[in-house]
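Me: I would like a close look at a single part of this model. Please keep it brisk and connected.

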There are 2 protein chains.
Amino acid sequence: MNNFVFYNPTKLVFGKNTVEKIGEYLKKDKIKKVLFLAGGGSIKKNGVYEKVARALFESSIEKVEVLGVRPNPVLSKVKEALEVARREKVDAILAVGGGSVIDSAKAVAAGVNYDGDVWDFYSGKTRVKEAIPLYTILTLSATGTEMNGNSVVTNEETLEKFSFSSIHVYPKVSIVDPEVQYTLPPNQTVNGAVDAISHVMEYYFDGTRNTQLIDRVDEGIIKTLVETTEILLENPKDYEARANFALSTTLALNGISGMGHSGGDWSSHAIEHALSALNPEVAHGAGLAVVFPAWLTYVKDLISDKLVRFGMEIFGREDGISALKRWYKKIGAPTTLRELGFEREDIDKLVNIASKMTPMGRLKKLMKEDVRKILEIAF
Amino acid sequence: MNNFVFYNPTKLVFGKNTVEKIGEYLKKDKIKKVLFLAGGGSIKKNGVYEKVARALFESSIEKVEVLGVRPNPVLSKVKEALEVARREKVDAILAVGGGSVIDSAKAVAAGVNYDGDVWDFYSGKTRVKEAIPLYTILTLSATGTEMNGNSVVTNEETLEKFSFSSIHVYPKVSIVDPEVQYTLPPNQTVNGAVDAISHVMEYYFDGTRNTQLIDRVDEGIIKTLVETTEILLENPKDYEARANFALSTTLALNGISGMGHSGGDWSSHAIEHALSALNPEVAHGAGLAVVFPAWLTYVKDLISDKLVRFGMEIFGREDGISALKRWYKKIGAPTTLRELGFEREDIDKLVNIASKMTPMGRLKKLMKEDVRKILEIAF
């Protein structure tokens, strides 16, 4: 096990009928005016928008709305929200949505008092030094962003999908009410499962040794995601499955699943970011379902014992990679680049985008040519 | 799964050569003068005292020492430290030791600016409203106090061993360096394992249903404690076993093991507190090794399925209670009140002390007569 520092100051408010509590949490912190950031479509249909609006009204908290954040969120939308946040002098950001909304909100929270270009945080030109408080209401369990300091955004002009991480943008309070996810389309549940499983696997397969406790925690998260995804595809309104699924996705990337791991590998994530940068229609989870097994295949000799353990613990089969791919197919996730709509000619473009991030990885340091081989396996 | 709020603002600094970092953490927070609270015996022998003293000196942080905190810490010692903390106007408390030292330090941190009797926090007369910052260096992994807001202290005059819990006394930074535990006597490792396993079991067996994810996390913690305790009894200097053991005890009671459980049962803990209140020579872990299996036996019909699952997952045997007791014997923990030195006549006294806390429990509400029956099973 490696040395680590764990610090996660987000207050997680979890369970039924918790959305309406947002007013009291904001009031307790003396917030008077929020930037309400959201996608806008689903929360108006499933009643979340109305509940939040009423809670804010009842706590006398003013809101300025910026709606229309899309999956694979883009820099231009962040800048639009940032302008509103500055002009309206909001005290805090309230993000209501999934990973895209919350990740965009983190950039806004960090950018309000920063004089330069908010992209500087992503490009690594500067580090986040402060942020206004961020509150979130999660409507799609997947990325774990509700309880960490990570943000991923695409710069549409450069086709760069980059991330930053800062202690300053951990949400102050995150509300996770599994019931609001009853109406999610099945493919979003599937993509969420793949995303969260991939987060855990980035640590689990990073080559760190003697992580017995966290291996068990990680296997527990993955097993629960496998079990609850299957239940939810049958019955999307099974509360207990939604709740266990949601908590699994949060714990998959709030620091616990990687304790003692020195940060994880993250090559699969970096390569996937090239996929959704090139084609924003590719959901992050769907991209990971294709890339992660290909990466595992490419590095399998370095982690052969762990792959057997993984396969046996999660699927009861020794061949961990095939078992994982078989399960992805079973739940309707794509497993090849072709299924995502990419052509063989796209591999060059993907390699070029991904190579901005090379060398990448911890288990095996990947260069441009390694990325090409992984994408060829994935094709 | 039940609704819950998780909020744990402690920064956990974990691993080799971390003790000496205390100076920089205090300095970053602009602390100038600390109350250095410790037991005093072992830390002078194992080099921890010297490392801490040097780190403080190098960061120009003044220290005022109060040594001599004993296992099953007592109110009089807390009051002594409190007087020094007030007189010397310290900015923070630095607790260096195990659960007794850190629990005492929490009372001091909360008591410094409180005008009344610090026992009021334990008796429930008042709630903690503020505290000066607390920093800890853990030298004995067992109670989990390094990453929670709980404090247990004995009032020697009334023989009450009571607790309080407050968000204000979560340590700001806790340093856990597994190497400093190489020289622990085997029975302290055993007691620590039993204590931490009992913490997890207080949630696991509290009757909450549909906690699939946290059941797996809890089983992972217990399995790791079982595995690493056995290794450490053979080789107390096995770093990886010490590290996995230490992290398991922290996660056993930092809120994660009880997510969705509405607080756990805690009857076994309450009954054990009577044991060590009557006889302060009884280590908390040793007392729990006796009481918990007796409580499980008393309530077994309410949790029969869970007991089978527990037995199979942890020990590969269906009868969870006997398997647990057999393992406690194997590692040298006591399993009867008699082995702890109690006589049959003591049962009345124990029942009287424990009955101050009745009704207790969540799975089954226990009254005075229930406690007597459990103690008779334990005898």
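How many salt bridges does the rule find across the interface of domain 1 of chain A and domain 2 of chain A?

Reply: This is a predicted model. Across the interface of domain 1 and domain 2 of chain A, the rule finds 2 salt bridges. One pair that meets the rule is A:Glu160 with A:Lys356. Their closest N and O atoms are 3.7 Å apart, inside the 4 Å cut-off for a salt bridge.

Polar contacts come next. The same rule-based search gives 7 residue pairs in polar contact across this interface, both partners at pLDDT 80 or more. On the domain 1 side, three strands of chain A each supply at least two of the residues that touch domain 2: strand 1 (4-14), strand 6 (150-155) and strand 7 (160-165). Strand 7 of chain A gives the most, with 3 residues. By class, this side of domain 1 has 10 nonpolar, 9 polar and 5 charged residues.

Now the two parts themselves. Domain 1 of chain A covers 11-179, and domain 2 covers 184-378. Their C-alpha centres lie 25 Å apart. In contact are 24 residues of domain 1 and 27 residues of domain 2. Together the two domains of chain A bury about 2100 Å² between them. Carbon and sulfur atoms carry 61% of that area. Three residues stand out: A:Asn72, A:Leu159 and A:Lys161 supply 25% of the area that domain 1 buries against domain 2, more than any other three residues.

Conventions: Residues are numbered from 1 along each chain as its sequence is written. Chains are lettered from A and ligands numbered from 1 in the order in which they are written. This is a predicted model: local features need pLDDT of at least 70, side-chain atom pairs count only at pLDDT 80 or more; totals for chains, interfaces and linings use all residues. Side-chain values use heavy atoms; hydrogens and water are left out. Domain bounds come from an automatic or database domain assignment. Contact means heavy atoms within 4.5 Å. Buried area is the accessible area (1.4 Å probe) that two parts lose on being put together, summed over both. A salt bridge is a side-chain nitrogen of Lys or Arg within 4 Å of a carboxyl oxygen of Asp or Glu. A polar contact is a pair of N or O atoms within 3.5 Å; within protein, one must be able to donate a hydrogen and the other to accept it, and residues adjacent in sequence count only if both atoms are side-chain atoms. Helices (H or I, at least four residues) and strands (E, at least two) are DSSP runs, numbered from the N terminus. Ala, Val, Leu, Ile, Met, Phe, Trp, Tyr, Cys and Pro count as nonpolar, Asp, Glu, Lys and Arg as charged, and the others, Gly among them, as polar.
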